[in-house]
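Visitor: I have a model open and a few things to ask. Can you walk me through it?
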Amino acid sequence: MTDVLTDIWDRILSHLKRNHSEFWRGWFQDLGPVNLENGVLRITVPDHSRQQYLKQMCNSSIVAAAQQETGYLVSVEYVLSNEPELIVPLRPLPKKISNTMGESLFFSPDYTFENFVVGPSNRLSHATCVAVSEALGKAYNPLFVHGSVGLGKTHLMQATCQTALKRDANLNIKYMSCETFVNDFMRAVEEGNLYDFRYTYRHSDMLVIDDIQFLSERERSQEEFFHTFNTLYQAGKQIILSADCPPSEIPHLEDRLVSRFSQGLVTRIDKPCYETRMAIVRKKALMRGIDLPEDVISFIARKVENNTRELEGALTKVYGMAMLDSGDITLELARQALGEEPRTPLYQVTVSQIIDAVTGQFNVRLSDLQGKRRNRSIAFPRQMCMFLARDLTNHSLEEIGGHFGGRDHTTVMHACRTIDKLRQNDDKTKMILENLVATLTRR
Ligand code: ADP
Ligand code: MG
């Protein structure tokens, strides 16, 4: 590899990192240029799913970056590092069958088990998917995963498929949205080639259909799916389905389908708790090669509660804004990026004012708050101070910890959580807090 080529590639990479936070991933650093000949820049990629990701999600931006950095009209090719001839083995279909039928969606390299954060909200669903990927058709069949939008159903299903494929690259997996199934079916009916349709769907080793609630009210598709299901099930093939609700709650779904869908294992994904959200933000940042300070992670996790997809969106926004600016990601910048008013001008509260207010309220001294003692009569006011400092000042968690005897950010986070819970469950704490906030923010 020539130095010139390496140099061009490095410049393309930093261009992409700077301008495309939406698709930039840490693994881009491991891609390497092969050559630049006859107007084609060849890049090696380690596997098929990353190759698809680059082609489908990033190609036009990579080409634009390559043209800008080389000054030539170049195109870009992504060559599998182990298969330079670019042969993607696909099982040949019988001649007649249209090759768009039953077309699987491509698997995202992001959606692996390694990239999935396990927490109380998704532990069972995760474990069953892992088990299924290790013993197709044997562990749980069918597996039905449900939960509201953005909680990780598609991620888990793709991780299951990709893991199964790693164990056996020749598996014939049909993975698609229910909409594709329904559209394929309707087209087959119109064109009179139900035979081909059935052949395609019923000769797979594993059928994975995302958002099966789409079958609701589609009577003929339900009928067809019932037979597809039975054929595969009886042949011991794995079936995985996802939906936004349990089988019995899918409106207008035939009873016989409800009972088929429920006869294996039905698992639910719930909204992730605060700790899981923190871990997800941390994981997503790592995947994108972004260094995020703890207080920004905790800020994003507090700000976005209901939908994991939005957590990622928030991270993209914060990172995008940092890239437009100095490149540094700070709590203040995160607040701005996520549309929060800067707090300082509103309150201008200092940590010593907080300490004064809290020591006035409870029978403790500053030296107690900064000291090591952990009995409740001292720990509680100390936690109160930390909570107020987090909410009313712009100090980072580290800085807040520093004011209270050099405690670290995890202690501050724990304090904030404790007070937050108490505030919700205990009226007395709630009242004390409200009074303190009112005193501190009074102008
Ligand atoms: P659904 O299919 O349930 O609507 P997705 O699987 O599309 O949700 O997930 C939305 C986003 O949230 C994806 O980017 C996914 O990677 C991410 N996500 C959800 N749960 C987790 C988790 N536990 N760990 C890591 N990422 C997650
Ligand atoms: Mg989905």
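Predicted model: local features only at pLDDT ≥ 70, side-chain atom pairs only at ≥ 80, totals over all residues.

Visitor: Start with helix α8. Which of its residues are buried?
Guide: Helix α8 covers residues 255-262, and its buried residues are Leu257, Val258 and Phe261. Looking down the axis of α8, they fall within an arc of 105°, so they line one face of the helix.

Visitor: Why would residues spaced like that point the same way?
Guide: An α-helix has 3.6 residues a turn, so residues three or four places apart point the same way.

Visitor: What covers the buried residues of α8?
Guide: The cover includes strands β4 (143-146), β7 (238-243) and β8 (265-268). Helix α7 (219-234) is also part of it.

Visitor: Switching to Lys153. Where is it placed?
Guide: Lys153 is in helix α4, residues 153-167.

Visitor: Is Lys153 buried or exposed?
Guide: Lys153 is buried, yet it has no salt bridge. The nearest side chain of opposite charge is Asp211, 4.9 Å away.

Visitor: What does the side chain of Lys153 reach, then?
Guide: It reaches the backbone oxygen of Ser148, at 3.2 Å.

Visitor: And what does Lys153 touch, leaving out residues up to four places away in sequence?
Guide: Lys153 touches Val145, His146, Gly147, Ser148, Asp211, Ser242, Ala243 and Ile269.

Visitor: Where is Glu217, and what is its phi?
Guide: Glu217 is in that loop between β6 and α7 too. Its phi is near 65°, again positive in a residue other than glycine. Glu217 is exposed, with a relative accessible area of 56%.

Visitor: Which peptide bond is cis?
Guide: The bond from Asn141 to Pro142 is cis, with omega near -5°. Pro142 lies in the loop between α3 and β4.

Visitor: Now salt bridges. How many are there?
Guide: The structure holds 23. One of them joins Asp110 and Arg25, at 2.8 Å from N to O. Asp110 lies in the loop between β3 (75-80) and α3 (123-134), and Arg25 in the loop between α1 (3-19) and β1, so the pair ties together parts 85 residues apart in sequence.

Visitor: Are those two side chains' residues buried or exposed?
Guide: Asp110 is buried, with a relative accessible area of 6%. Arg25 is buried as well, at 5% relative accessibility.

Visitor: What about Lys430? Which residue does it bridge to?
Guide: Lys430 forms a salt bridge with Glu434, with the closest N and O atoms 4.0 Å apart. The two are four residues apart in helix α19 (residues 427-441), so about one helical turn separates them. Lys430 is partly exposed at 37% relative accessibility, and Glu434 is partly exposed at 47%. Elsewhere, salt bridges with shared partners join Asp7, Arg11 and Glu69 into one network.

Visitor: Last one. How do β1 and β2 run?
Guide: Strands β1 (residues 32-37) and β2 (residues 40-45) run antiparallel, joined by five bridges. Gly32 has Thr44 in β2 as its bridge partner. The two strands form a hairpin with two residues between them. In the turn, Asn38 has a positive phi of about 50°.

Key
Residues numbered from 1 in each chain as written. Chains lettered and ligands numbered in written order. Heavy atoms only, no water. Buried < 20%, exposed > 50% of the residue type's maximum accessible area, 1.4 Å probe, protein only. Arc of directions from axis to C-beta. Contact = heavy atoms within 4.5 Å. Lys, Arg positive; Asp, Glu negative; His and termini not counted. Polar contact = N/O pair within 3.5 Å; in protein donor to acceptor, adjacent residues only side chain to side chain. Pairing = 2+ DSSP bridges.
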